[in-house]
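Please read the following briefing alongside the sequence and the coordinates. It is arranged by topic, with the conventions stated where they are needed.

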Amino acid sequence: MEAKLCISSATLGAAALLMMMLAAVVVNSDEESPTKTLVKVVKGKKVCDKGWECKGWSAFCCNQTISDYFQTYQFENLFAKRNTPVAHASGFWDYHSFITAAAVYQPHGFGTTGGKLMAQKEVAAFLGHVGSKTSCGYGVATGGPLAWGLCYNKEMSPSKIYCDDYYKYTYPCSPGASYHGRGALPIYWNYNYGKTGEALKIDLLNHPEYIENNATLAFQTAIWRWMTPEKKNQPSAHDSFVGNWKPTKNDTLHKRVPGFGTTMNVLYGDQVCGKGDDESMNNMVSHYLYYLDLMGVGREEAGPNQVVSCAEQTPFEQSSSSAASSS
Ligand SMILES: *[C@@H]1O[C@H](CO)[C@@H](O)[C@H](O)[C@H]1NC(C)=O
Ligand SMILES: *[C@@H]1O[C@H](CO)[C@@H](O)[C@H](O)[C@H]1NC(C)=O
Ligand SMILES: *[C@@H]1O[C@H](CO)[C@@H](O)[C@H](O)[C@H]1NC(C)=O
């Protein structure tokens, strides 16, 4: 009798679990079909398609995708204070927007290059940049200064509209529009809104405000920036981080090595690199290391200081149009 009861409660438990799983599938089904990896071989190379998060027959999609190793609770840990009443974009940012935006770039290697460790490190590095640029943390903020990433989604009280007349034929400013900082890696200036909009096929030149109204787009513009070289002879931040980029002798001479330091060099150049102990550089590094810890990777995986920092690197030659330029 007792044994029979045991069995039936176990059966009940299993049935409940199954129903919960079914419920999860149903909840996700409008856009996220359950992960099922399709595999085929093209010209001797294995390529995969994982449905909504990694589509389009890519070798990268055979690897773990971001949601496999970076989950909602981790996003919540990294950006713990973003929805507090004093935050400036309370209710705006969420995990789902990040993964939805990342889905566009995972077939191209974002968070899917190399093994799981490299992939986790890349997500920590990208979000480290994001956290630093969107933080409203200060020395005595509760939870510490690193707990306040994604506090902003736009520049508050901009002092100008960032309209550069030099681009009046290529990226003319839209009457009434203001091109102040917006997004997860804030974009400034008409030409940067224009270029980013061209790449994403969204009319950001006439509608810069789209970015502050749509968290998926706010992440997407940032990941596009991470994945795209600023200049032809320079790597993207992504390539410089995951090791796709092979430094030339000249790069090595100027201390530019694959890693987090070079991502800052790619994105910000002489604004933060080659200046020794720069405060803004240190802030990005601190966010990166903090996120590695919170993701369970551990900051020791970041590598030595020459790799993590760009204090001693010669800046890449910067074009005047650095997307991150705020002045
Ligand atoms: C997929 O992951 C393996 C290690 O798990 C790695 O060796 C391989 O390079 C990755 N594939 C791609 C396309 O990066
Ligand atoms: C937000 O942006 C994403 C990515 O560009 C887009 O797919 C989506 O339709 C947008 N959502 C709204 C409500 O406009
Ligand atoms: C070597 O790097 C320096 C500093 O970034 C740069 O000014 C110079 O043009 C580079 N030389 C070559 C041959 O690429």
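The notes below cover helix packing, a strand hairpin and the surroundings of the ligands.

This is a predicted model, in which local features need pLDDT of at least 70 and side-chain atom pairs count only at pLDDT 80 or more, while totals for chains, interfaces and linings use all residues. Residues are numbered from 1 along each chain as its sequence is written, and chains are lettered from A and ligands numbered from 1 in the order in which they are written.

**Helix packing**

- Helices (H or I, at least four residues) and strands (E, at least two) are DSSP runs numbered from the N terminus, and their axes are lines fitted to C-alpha atoms, for helices over the stretch in contact, with angles from 0 to 180 degrees between N-to-C directions.
- Helix H6 (residues 190–200) packs with helix H8 (residues 215–227) at an angle of about 95°, their axes being 11 Å apart, which makes H6 roughly perpendicular to H8 (angles under 35 degrees count as roughly parallel, over 145 as roughly antiparallel, 65 to 115 as roughly perpendicular and the rest as oblique).
- On the H6 side, Thr-196, Ala-199 and Leu-200 meet Gln-220, Thr-221 and Trp-224 of H8, where two residues are in contact if their C-beta atoms, placed from the backbone, lie within 7 Å.
- The contact of H6 with H8 comprises three nonpolar, three polar and no charged residues (Ala, Val, Leu, Ile, Met, Phe, Trp, Tyr, Cys and Pro count as nonpolar, Asp, Glu, Lys and Arg as charged, and the others, Gly among them, as polar).
- The axes of helix H4 (residues 95–103) and H8 come within 8 Å and cross at roughly 45°, and H4 is therefore oblique to H8.
- The contact between these helices involves Ser-97, Phe-98, Thr-100, Ala-101 and Ala-102 of H4 together with Ala-215, Thr-216, Phe-219, Gln-220 and Ile-223 of H8, and by class it has six nonpolar, four polar and no charged residues.
- Helix H5 (residues 116–133) and helix H12 (residues 279–294) have axes 8 Å apart and pack at an angle of about 135°, so that H5 is oblique to H12.
- Residues of H5 in this contact include Lys-121, Leu-127 and His-129, and those of H12 include Asn-283, Met-284 and Tyr-288; by class, the contact of H5 with H12 has seven nonpolar, six polar and one charged residues.

**Strand hairpin**

- Strand S1 (residues 38–42) and strand S2 (residues 45–49) run antiparallel and are joined by five bridges, where two strands pair if DSSP finds at least two bridges between them.
- Val-42 has Lys-45 in S2 as its bridge partner, and in the hairpin, which has two residues between the strands, Lys-43 takes a positive phi near 50°.

**Ligand surroundings**

- Around ligand 1 lie Ala-59, Phe-60, Asn-63, Thr-113, Gly-114 and Gly-115, a residue being near a molecule or strand if its C-beta atom, placed from the backbone, lies within 6 Å of it.
- The shell around ligand 1 divides into two nonpolar, four polar and no charged residues.
- Ligand 2 is surrounded by Asn-214, Thr-216, Leu-217 and Gln-220, of which one is nonpolar, three are polar and none is charged.
- Ligand 3 has Asn-250, His-254, Thr-314 and Glu-317 around it, and this shell contains no nonpolar, three polar and one charged residues.
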